[in-house]
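Have the model open while you read.

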Amino acid sequence: MCAIEAGRRGRRVALLELAERPGKKILISGGGRCNFTNIHCRPENFLSANPHFAKSALARYTPQDFLALVHKHGIAYHEKTLGQLFCDQSSRQILDMLLAECRDANVSIFLGTRTERIERGENFTLHASKGEFHAPALVVATGGLSIPKMGATGFGYDVARQFGIKIVPTRPALVPFTLSPQDCTKLCDLAGLSAEVIATIGRQRFREKMLVTHRGLSGPAILQISSYWTAPQTLTLDLAPEKQLFTSLLASPSGRDAARAASLLREALPQRLADRIISLAEPKSWTNRAIEELEHQLHNYPITPAGTEGYEKAEVTAGGIDTDELSAKTMECKRFLGLFFIGESVDVTGHLGGFNFQWAWASGAAAGRAL
């Protein structure tokens, strides 16, 4: 996106790509359909040490701006849930669209090109596997550490360190949780079961699906809340959002037992998961107070993750280039004019649902228009 915007303005652009083919993460995104933006994109959908930093770029390149490009190329798309937009056919359509725009903007793309050394004099000199490149401006758009098997590296952070630019410590985000061996024995044999829950840490809460896995918990609700988790925090799960399931137990002095409670819980959860939760939380006696406590626990079920699945399974990397070092309008380094950082390498991390792509487009456009 940065190369397209700069090329449209008549700049001579070389795009150096480490991989042998471009856009590998675009191709795997959204299950191969590319969740390319979210129509409800707001600054509140992003994490950063400076929550205001992303506002300028997001306001000046909106989801509607990207949709105009999608319409221009005749790409059919649909809204799935919560404003998430996907291609009807294939994520390759988005990649082909961007490559076509690069061609129209006379951008030169060098694939399989490793940057070995960067020098800064009057201009920037890049010593690369395919020769030397000289330019008055250098844009680092190398992403984060997530999904290393797709070629992710920490190169952008290495460049920042070379110039003494501050980095907010990185961590995996939008990532499944692992559970301790003890907790895994309680739940992980139910791998594959899912339910709608509300996952909460502090003031942050997400109501979406949770999935039990062989090693812990995943699904949209868990991925979302994982971005806000640090060890050894405990998160809470509302396993029956907006439902009071045990009212009938309180109303009747008879028929109070685990079987009846599990039967009621199946209104909110799959049978096997409902039965397991009741077996784990069954009170010693079925007094009114115990039933009320069981209801409370159902809506405040504590989970303390052992950790996460790490960068290998993380959709994005939280943290990165400290936004205090950058212009919010242009993404240019305040102390090193001509040096820009954009996208996932910056300490701006979106929620699940197309927000990280929108940050990529918006930050890329901001830098491209400033070159």
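Let's start with Lys25, which counts as partly exposed at 30% relative accessibility. Keep in mind that this is a predicted model. The side chain of Lys25 meets that of Glu344 in a salt bridge, 3.9 Å from N to O. Glu344 itself is buried, with a relative accessible area of 19%, where the cut-off for buried is under 20%. Lys25 belongs to helix H2 (residues 24–28) and Glu344 to the loop between strands S20 (339–341) and S21 (349–350), so this pair ties together parts that are 319 residues apart in sequence.

By the rule used here, the salt bridges come to 16. Here are three of them side by side:

| Pair | N to O distance |
|---|---|
| Glu344 and Lys25 | 3.9 Å |
| Glu101 and Lys72 | 2.8 Å |
| Arg92 and Asp96 | 3.7 Å |

Now for the Glu101 and Lys72 pair, joined by a salt bridge of 2.8 Å, N to O. It links distant parts of the chain, with Glu101 in helix H5 and Lys72 in helix H4, 29 residues apart. Buried or exposed, what is each partner? Glu101 counts as buried at 3% relative accessibility, whereas Lys72 is exposed at 55%. Both also turn up in a network of salt bridges that links them with Glu5, Arg8 and Arg369.

How do H4 and H5 pack? Helix H4 (residues 63–72) meets helix H5 (residues 92–104) at an angle of about 90 degrees, and their axes are 10 Å apart. The two helices are therefore roughly perpendicular to each other. On the H4 side the contact uses Phe66, Leu69, Val70 and Lys72, and on the H5 side Ile94, Met97 and Glu101. By type, that makes 5 nonpolar residues, no polar ones and 2 charged.

The largest nonpolar core holds 62 residues, and Phe36, Phe66, Ile94, Ile165, Leu339, Phe341 and Trp359 have the most contacts inside it. Helix H13 (residues 355–368) supplies the largest share of this core, 8 residues. Apart from this core lies another, of 43 residues, including Leu193, Ile225, Ala261 and Leu273.

Zoom in on Ile94: beyond its neighbours within four places in sequence, Ile94 touches Ile26, Cys34, Phe36, Phe66, Val70, Ile75 and Cys87.

How values were computed:
Residues numbered from 1 in each chain as written. Predicted model: local features only at pLDDT ≥ 70, side-chain atom pairs only at ≥ 80, totals over all residues. Heavy atoms only, no water. Core = buried A, V, L, I, M, F, W, Y, C linked by side-chain atoms within 4.5 Å. Buried < 20%, exposed > 50% of the residue type's maximum accessible area, 1.4 Å probe, protein only. Helix = DSSP H or I, 4+ residues; strand = E, 2+ residues; numbered from the N terminus. Contact = heavy atoms within 4.5 Å. Axes fitted to C-alpha atoms, helices over the stretch in contact; angles between N-to-C directions. Parallel < 35°, antiparallel > 145°, perpendicular 65-115°, else oblique. Nonpolar A, V, L, I, M, F, W, Y, C, P; charged D, E, K, R; others polar. Salt bridge = Lys/Arg side-chain N within 4 Å of Asp/Glu carboxyl O.
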